[in-house]
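Here is a short briefing on one protein chain. Look over the sequence and the 3D view, then read the points below.

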Amino acid sequence: PWLDLPGLGFGVLVCSNGDAAGAQRAADKLADMVWERRHEFDPDLVELRQAIDVGLREQGTTVVADSGDAPSGGSAADNTSVLQALLDAGADRSDRRTYLTMCDADAAKVCAKAGVGTTLTLDVGHKVSRNDGKPLRIQCRVHSVSDGTFTMLDAGSRGVTIELGLTVVVSIGAIRMAIR
């Protein structure tokens, strides 16, 4: 949905053994099938505050993600909108834990230098995406500092070692944020 641009669309490639007309018919059929189902690809999204309210109120696990601010999609992953909305909703004062991530190497370095157990005032986010906002000033406590190396345990990637680099976990009340 973030790439819904006029110059971008769906493409069909069909390979055949010399039957160009048959390949064209197959490509046309596939393209028509996708076009007819195009609205099935629309994501089912809710407003951020509504998603946070559900997460703080309902039993079980609720995932609230700014999936448009993902480094795998080319973004800086340093937007503070979700963190600000969590604070506005009182997630830091909740009896439930909330977890999120932030890419902010400068903030991670400050936390690592301060050390585990230290409480500090920290400016996080928007160090790379400066045109989209400004850093958010938080009061937090450093819970852990690591080199960001871990081994995947899920079935699809079991045993794969990931190296994220300096990673810290801070708490803002009930909120836990991994910063790398």
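Helices (H or I, at least four residues) and strands (E, at least two) are DSSP runs, numbered from the N terminus. By that count the protein chain has four helices and seven strands. This is a predicted model: local features need pLDDT of at least 70, side-chain atom pairs count only at pLDDT 80 or more, and totals for chains, interfaces and linings use all residues. Residues are numbered from 1 along each chain as its sequence is written, and side-chain values use heavy atoms, with hydrogens and water left out.

**Overall build**

- Read from the N terminus, the order of elements is α-α-α-β-α-β-β-β-β-β-β.
- The C-alpha trace spans about 70 × 35 × 35 Å along its principal axes.
- The radius of gyration of the protein chain is 22 Å, while a compact globule of 180 residues would have one near 16 Å. This radius is taken over C-alpha atoms, and the globule rule is 2.2 Å times the number of residues to the power 0.38.
- Contact means heavy atoms within 4.5 Å. Among contacts with a separation of 6 or more, 51% join residues 24 or more positions apart.

**Surface and charge**

- Buried means under 20% relative accessible area, exposed means over 50%, and partly exposed lies in between (1.4 Å probe, protein chains only). Of the 180 residues, 27% count as buried.
- Accessible areas come from the Shrake-Rupley method with a 1.4 Å probe; for residues, only the protein chains shown count as cover. The protein chain has an accessible surface of about 12,200 Å², and carbon and sulfur atoms hold 52% of this surface.
- Lys and Arg count as positive and Asp and Glu as negative; His and the chain ends are not counted. Each charge is placed at NZ of Lys, CZ of Arg, CG of Asp or CD of Glu.
- The protein chain has 19 positive and 24 negative charges, and their mean positions are 8 Å apart.

**The nonpolar core**

- A nonpolar core is a set of buried Ala, Val, Leu, Ile, Met, Phe, Trp, Tyr and Cys residues joined through side-chain atoms within 4.5 Å.
- The largest one has 26 residues, and Leu83, Leu122, Val124, Ile138, Met177 and Ile179 touch the most other members.
- At least two residues of this core come from each of H3 (81-88), S1 (98-102), H4 (105-114), S2 (119-124), S3 (136-146), S6 (167-172) and S7 (175-179).
- Helix H3 gives the largest share of this core, five residues.
- What does Ile179 touch, leaving aside its neighbours within four places in sequence? Its contacts are Met102, Asp104, Ala107, Ala108, Leu122, Val124, Leu166, Thr167, Val168 and Val170.

**Helix H3**

- The buried residues in H3 are Val82, Leu83, Ala85, Leu86 and Leu87.
- Their cover includes helix H2 (48-57), S1, S2, S3, S6 and S7.
- Just after H3, Gly90 takes a positive phi of about 85 degrees.

- Most residues other than glycine have a negative phi.
- Ala77 is not a glycine, yet its phi is positive, about 60 degrees. Ala77 sits in the loop between H2 and H3.
- Is Ala77 buried or exposed? Ala77 counts as buried because its relative accessibility is 9%.
- His126 also is not glycine, and its phi is positive, near 50 degrees. His126 lies in the loop between S2 and S3.
- With 4% relative accessibility, His126 counts as buried.

**Pairs across the chain**

- Trp35 is in helix H1 (residues 20-36). Trp35 counts as exposed because its relative accessibility is 58%.
- Trp35 and Phe10 are 25 residues apart along the chain, and their C-alpha atoms are separated by 8.8 Å.
- Val116 belongs to the loop between H4 and S2. At a relative accessible area of 56%, Val116 is exposed.
- From Val116 to Val142 is 26 residues in sequence and 5.0 Å in space, C-alpha to C-alpha.
- Beyond its neighbours within four places in sequence, Val116 is in contact with Val142, His143, Ser144 and Val145.
- Ser157 is in the loop between strand S4 (149-151) and strand S5 (161-163). Ser157 is partly exposed, as its relative accessible area is 25%.
- Ser157 and Cys15 are 142 residues apart in sequence and 32 Å apart in space, C-alpha to C-alpha.
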